Amino acid sequence: MASTERIPAGIHNAIDYERLAPEALGAQRFAYIAGGSGMDVTVAANRAAFERWAIVPRLLRDVRGGHSRLQLAGMDLPHPFLLAPVAHGLLAHPEAERATARAAQATGSCLVASTLTSCTLEEIAAAAGPARWFQLYLQPERARTLDLLARAQAAGYRAIVLTLDANLQLPSRSALASGFVLPADCVAANLAHYPQVPAPAPRDGQSRIFQGAMRHAPTWDDLRWLLSQTRLPIWVKGVLHADDARQLQDAGVAGIVVSNHGGRGLDGSPASLAMLPTVRAAVGPDYPVLMDGGVRSGLDAFKALALGANAVLIGRLQLYALAVAGALGVAHLLQLLTEELHATMAQAGCATLSDITPEVLTPC
Ligand SMILES: Cc1cc2nc3c(=O)[nH]c(=O)nc-3n(C[C@H](O)[C@H](O)[C@H](O)COP(=O)(O)O)c2cc1C
C-alpha cells in the first residue's frame, strides 16, 4: 500500500481519488471496497441514477453572497458533505480513522464513526472536531449495545446513526474473484474486548439465513427499546421505502439516511437517488433526510439536494482519498467536493442550499 501523504499531481476533481485508488490500495483491497454485494447491480444503479438528471443553468442571478453553509441537527456546517460510516479504515491507511477524524476537524465536517472501525470510538473522538456522530449496529446482547451507547455519549458523539440495512451482507462476486480476505490485524476495535459468542450450528431443517444469519436481526421492538434507552438523537440509515420512512418518523427517529449501504446490502435494490423523492414526499419538507450511494462529485450532491436531501454522505471516495494521501487527502477531497458544489450552484443560479429545489433539474 503506497501512501504519499502529499496530494499527488493530477487531482483536479474529487473523482480523481477513485482513479488513483487501485494503485494506492492494491487490487484486492480496491476490489473489496469498490464492490457491493452479489453482481454489483445496485452499485451500478447508484451511479446511473445521477445520469438521469440534468441541471438547468439560469441567467442574470446575483450569487455574490453565495455559500453552502447549513444547520443540521444543531450543528453549523460549512458544506453538506458528511463522512459516511465505513468499517476497517486500516485497509486504507495505517492511521485508519484517526487520520479521517483529523481531516473532519480541519474542515469542520461531520464524521460518522462506524461501529466497525479499526480505531476505538474514543480514539476517533480525541482526533475529531465537535461534529461527530456514532453509527451503531445493534449487538446480539442488549447489555453490549448499552455499553456502546454509554461509551459514545461519554466520548461526546452528538447523535447515533442506527444502520438497519446490513443484517445480511453477501460478498461481491468481484471482490471474491480478486481473492480478498480481511487481514488478521483488521479487527473491530470497539468490539474487541467483548467476549466472543460462537454462533450455534443450525439444526436439521433450519435455514442458514432465517434461523442463522438473521437470528439477531433487529425488529421494530428493538428500535422502540433503543429509543427509550438514550437521550441522544437516533437516526436510521438504510431507508428506501416511503412507508418505513413515515413509520420511523412517527416512532420518534430524529432523521433518516436514504441509503442502500453503497450497494453492499440487497443486490438489486433501487438506487438511493431514485427513492429519495418518494421518501421526501412521505415525511414532508421539514424532516431531516440525508442520502448516500454513488456520490462522486459536487454536481452529484447538487442533484441529491434538489431531489430532497438536506446533505449527503461520502463513503468510498473517503476511503480512496485516505489511501492516496491520508488525512490531507480526505481534507482535500472535502474541499474539492465543496468547490464543485459551489461551481454547480453558481451556474444554476443558486446562492444558498435552500435555492436548490426540484425545479433546478430536468430528466434527461
Ligand atoms: C468498505 C465499506 C465499508 C462500510 N462500512 C459501513 C459500516 O460499518 N456501517 C455503515 O453503516 N455503513 C457502512 N458502509 C456504507 C457507507 O456508510 C455508505 O452507505 C456507502 O458507502 C455510500 O455509498 P458510496 O460508497 O457510493 O458513497 C460501508 C461502505 C464501504 C464501501
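**Close-up views of a predicted model**

View 1. Leaving out residues up to four places away in sequence, Leu227 touches Ile234, Ala251, Gly252 and Val253. The model shown here is predicted. Leu227 belongs to helix H9, which covers residues 220–227. Although Leu227 and Val253 are 26 residues apart along the chain, their C-alpha atoms are separated by 7.8 Å.

View 2. A polar atom of the Ser297 side chain lies 3.3 Å from the backbone nitrogen of Leu299. Beyond its neighbours within four places in sequence, Ser297 is in contact with Leu337 and Glu340.

**View 3. The largest nonpolar core.** This core has 111 residues, and Trp133 and Ile256 are those with the most contacts inside it. Helix H13, residues 316–347, gives the most to the core, contributing 17 residues.

**View 4. Packing of helix H1 against helix H13.** The axes of H1 (residues 16–25) and H13 come within 11 Å and cross at roughly 155°. Because this angle is over 145 degrees, the two helices are roughly antiparallel to each other. On the H1 side, the contact involves Tyr17, Glu18, Leu20, Ala21, Ala24 and Leu25. These residues meet a set in H13 that includes Leu317, Tyr320, Val324, Gly329, His332 and Leu336. By residue class, the contact of H1 with H13 comprises twelve nonpolar, two polar and one charged.

Key. Residues numbered from 1 in each chain as written. Predicted model: local features only at pLDDT ≥ 70, side-chain atom pairs only at ≥ 80, totals over all residues. Heavy atoms only, no water. Polar contact = N/O pair within 3.5 Å; in protein donor to acceptor, adjacent residues only side chain to side chain. Contact = heavy atoms within 4.5 Å. Helix = DSSP H or I, 4+ residues; strand = E, 2+ residues; numbered from the N terminus. Core = buried A, V, L, I, M, F, W, Y, C linked by side-chain atoms within 4.5 Å. Buried < 20%, exposed > 50% of the residue type's maximum accessible area, 1.4 Å probe, protein only. Axes fitted to C-alpha atoms, helices over the stretch in contact; angles between N-to-C directions. Parallel < 35°, antiparallel > 145°, perpendicular 65-115°, else oblique. Nonpolar A, V, L, I, M, F, W, Y, C, P; charged D, E, K, R; others polar.
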